[in-house]
Amino acid sequence: MNFIYDRVLTRENICNLKTEQKLIEKHISSKHNVVLYAPRNFGKTSLVKAITIPDFRNKHKNSFVFFADLMGVKNMDSLIQRLKKALDVSLKESFPLKNIIENIGEYIKNLRPDISIDIEGGAPKVKIASYSSKPEITISDIFKIISNISRKHNCLIVLDEFQDISFVNEAEALFRDVFQNWDIPVIILGSKKHILTHIFAKPNAPLASFGHDVVIKNIDYEEFHEYMNERFELKKNRINLENSKTLQDLMLRVPESINMLGFELNYIFQKTNITKKEIDIAINSILNNRQERFEFLMKVISKAEETILKTIAKKGGVIIHPTSKTFLAMVNLTARTVSLNVNKLLDNGFLEVEDEHFRVSDGLLCKYIQKFR
């Protein structure tokens with residue numbers, strides 16, 4: 001078993017998260033809604049896709065799971081297209097073609113969208129086109145279909161990277177109208193807590209007080225140490241707890257970055273006791289191989305953003321209060337400029353914030369900045 005990154009992890013490759021798994025299961029069993037928050041690359045999507053959804057399907061043999069990834073939606077058209085595509089995929093994954101054909105009339109009861117079923121690449125494809133009397137299908141129409149399905153099937157709704165709907169006018173209010181009229185459990189996943197806070201915590205927000213929060217935080221050092229040695233065993237490598245903690249801290253305890261570095265160590269070394277020396281060699285190997293990728297990332301941000309990001313990286317990747325007098329003196333920028341550009345870095349995923357600690361989102365990007373900037 002090796003380290004895995006850049007894809008959804010399988011159940012056996014998810015490190016810990018057992019507490020979060022049990023909490024989510026308890027909530028959806030009671031048909032409660034869940035807001036699952038974790039910084040980018042902390043395993044929230046893997047947890048839901050590899051454990052929560054399969055367990056729900058095993059528990060409810062006659063089930064329908066609607067999964068939509070909303071990352072990057074910019075306007076109402078793109079949001080609706082993403083939901084339509086998700087409905088197509090979810091129908092194929094949940095039902096055999098015979099079941100769809102027999103029940104499609106019941107699913108779209110009281111609606112009049114133009115729905116056809118084609119075979120593309122050997123698999124059924126449900127095409128939801130526009131109304132004949134209306135210019136387009138709406139968010140409410142899509143979820144009305146799901147509501148109709150729920151009359152005969154146990155349903156679960158999963159909306160990944162939900163915070164991006166904040167960039168779509170009126171989307172929050174439309175989702176509120178959908179959610180408040182049914183008892184289907186909804187799991188909302190998000191990686192940008194500062195945006196999710198505005199969606200769910202502000203008293204006057206349309207979705208204020210929605211759902212039960214489940215937060216994925218840093219994995220315990222010892223848990224990840226054991227996890228790493230299980231995977232180092234593939235190449236007969238080994239790491240002690242002290243060096244394991246060093247590796248985790250160098251990657252800012254981001255699981256994806258840790259897995260990438262572990263994979264590189266297994267690629268370079270075998271039958272080796274991993275120390276700081278080997279860790280540094282593997283980090284430099286990754287940085288050299290990904291230099292152009294990291295350089296491109298740095299080119300898409302402004303000079304002020306780069307100055308702030310570079311200063312945080314040079315301070316070890318984590319700071320408190322970027323508008324403090326000490327930090328402002330370091331970057332030679334005004335408090336307003338720093339505040340505006342920190343928000344941009346948060347919105348675009350370069351920074352994460354938790355309990356007033358601002359962290360470079362990617363441990364390897366942090367090391368790249370330290371070395372090349």
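Predicted model: local features only at pLDDT ≥ 70, side-chain atom pairs only at ≥ 80, totals over all residues.

Student: Ok, and how many residues of α5 are buried, out of how many?

Tutor: 9 of 11, so helix α5 (residues 139-149) is mostly covered. Helices here are DSSP runs of H or I with at least four residues, strands are runs of E with at least two, and both are numbered from the N terminus.

Student: Switching topic: how many cavities of 30 Å³ or more are there?

Tutor: The count is 1. On a 1 Å grid over the protein atoms alone, a cavity is a set of points where a 1.4 Å probe fits but cannot get out, while a pocket is an open set with protein on both sides within 12 Å along at least five of seven lines; lining residues have an atom within 4 Å of a point.

Student: What lines the largest cavity?

Tutor: Its lining is Tyr37, Ser191, Lys192, Lys193, His194, Leu346, Leu351, Glu352 and Val353. The elements giving two or more residues to that lining are α7 (193-200) and β11 (351-354), and β11 gives the most, with 3.

Student: And how much space lies in the largest cavity?

Tutor: About 30 Å³, where a volume is the space filled by probe spheres set on the grid points.

Student: What about the second largest pocket, what's its volume?

Tutor: About 320 Å³. It is lined by 18 residues, and the closest to its centre are Phe42, Asn218, Leu252, Glu354 and Arg359. β11 and β12 (357-360) are the elements that give two or more residues to this lining. Here too β11 gives the most, with 3 residues.

Student: Last one, Tyr267: where does it lie, and is it buried or exposed?

Tutor: Tyr267 lies in helix α10 (residues 255-268). Tyr267 counts as exposed because its relative accessibility is 62%, and exposed means over 50%.

How values were computed:
Residues numbered from 1 in each chain as written. Heavy atoms only, no water. Buried < 20%, exposed > 50% of the residue type's maximum accessible area, 1.4 Å probe, protein only.
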